[in-house]
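Good morning, and thank you for coming.

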Amino acid sequence: MENLAHTLLGLSFAKGGLERATPLATTALVISSNLPDIDVLSRIEGGTVSYLEYHRGFTHGFAGLAVLAAALTLALMFIDRRFRLRRDPFRRPLRPVRIFLLAYLGGLGHTFMDFTNVYGVRPLLPFSSRWFYGDVAFVVDPWIWLILGSAVVWLTTTDAARTFLWLVIGIILALVVGLALRHPYDSQTLTIPTAARVIWFFGLAVVVAGTLFRWGGAGERLARYSLFVLALYYCGMWMTHQSAMKEAQNSLKVGVVTSMAVWPAPANPLLWQAAAKTSDAVYTRNIDLYDRQEQWRELSALDLKLSDALRSSNEARGFLDFMRYGTASVEARPDGTTVIALRDLRFDLRMRVELDREMTVTAVEVRWF
């Protein structure tokens, strides 16, 4: 998930009552709910390939979260003693063990939210590099913004500065929901239906109304209710995921299917994208739970021999390890060289590889879109 959703989850934990556990509890929860994404710094030095290799890796795993929680605890202890208590020595000092537990909880919440979408996580690193995928939420989910954001906004809008901050965030989110995926350049890209946009904007209006009428007076119960509604939302998405998976399994009439998955379209719980693999092909289709007439499309998969050749390159191997359902286009040139174009069906993530006559990788280009 993106960092706004992670921040809202951390604030919901805090406003649900955990902010009273120790001084700096809210700070610990908000920072730890975003801290696992520190691995995005790998992209600065190594580019897209390095990003694919390290993102949602060790810092999202159970062991890595403990390391991050310990580091954050030490940092907050230093800040508490050096600044906060120095200004007022009669203040209650933070409780390190509770800060550590809260920081670990924030990290677990981050990993769980990332697990729920199609990108997946590797929570067992460094012991296992296996990916785990929840496939029940889109990578950017505007419904989660409403579910968690409503209570958080009502409970934290206490002065003009915070009101202005939430107003700016609300305007940005409204522009994203209103304009995103209206006219995608790729005909296969799933759009956000108008009905979903209308319902979302109605929800935003409710958030604004609640702020104006000061519904935050209900206190921490609001945050607890929002967390409960989030749990119900995930349960509902899991149920529709099961329906979409059943439709996918019943409709694909091919040989031995080695892997199959479905994941939701943006902001539309009734529309899912399905993908399946056999030994020599990849299949994909969209599943509308109201209209199940669309047929599967067969796409070319990467030949095993070519895959072995590509793995001689660290960059290509990193892409292949990340790619879950990928299509391949192979061009054999007259001079004996080969060009392979790969695409991960989950995202518009592409790799172009050139091989010489001896099938040695000579050039690799990885890019989004």
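Let me begin with a term: two residues are in contact when they have heavy atoms within 4.5 Å. Please keep in mind that this is a predicted model. Among contacts in the protein chain between residues at least 6 apart in sequence, 56% join residues at least 24 apart.

As for the chain overall, 11 helices and 8 strands make it up. Its C-alpha trace spans about 80 × 45 × 30 Å along the principal axes. Of its 369 residues, 49% count as buried.

I now turn to helix H4, which runs over residues 62-87. These 26 residues reach 36 Å from the first C-alpha to the last, close to the 38 Å expected at 1.5 Å a residue. Where does H4 bend? The bend, of about 40 degrees, is at aspartate 80. Asp80 is also one of the buried residues of H4; others listed as buried include Gly64, Leu68, Leu72, Leu76 and Arg84.

What covers the buried residues of H4? The cover includes helix H2, residues 25-32, and helix H5, residues 96-115.

Let us look at those two helices together. H2 and H5 pack at an angle of about 30 degrees, and their axes are 7 Å apart. Angles under 35 degrees count as roughly parallel, and therefore H2 is roughly parallel to H5. The crossing of H2 past H5 is right-handed. On the H2 side, Ala25, Ala28, Leu29 and Ser32 take part; they meet Ile99, Leu102, Ala103, Leu105, Gly106 and Gly107 in H5.

Terms used:
Residues are numbered from 1 along each chain as its sequence is written. This is a predicted model: local features need pLDDT of at least 70, side-chain atom pairs count only at pLDDT 80 or more; totals for chains, interfaces and linings use all residues. Side-chain values use heavy atoms; hydrogens and water are left out. Helices (H or I, at least four residues) and strands (E, at least two) are DSSP runs, numbered from the N terminus. The expected span of a helix is 1.5 Å times one less than its number of residues. The bend at a residue is the angle between axes fitted to the seven residues ending there and the seven starting there. Buried means under 20% relative accessible area, exposed over 50%, partly exposed in between (1.4 Å probe, protein chains only). Axes are lines fitted to C-alpha atoms, for helices over the stretch in contact, and angles run from 0 to 180 degrees between N-to-C directions. Angles under 35 degrees count as roughly parallel, over 145 as roughly antiparallel, 65 to 115 as roughly perpendicular and the rest as oblique. A crossing is left-handed if the near helix is turned anticlockwise from the far one by less than a right angle, and right-handed if clockwise.
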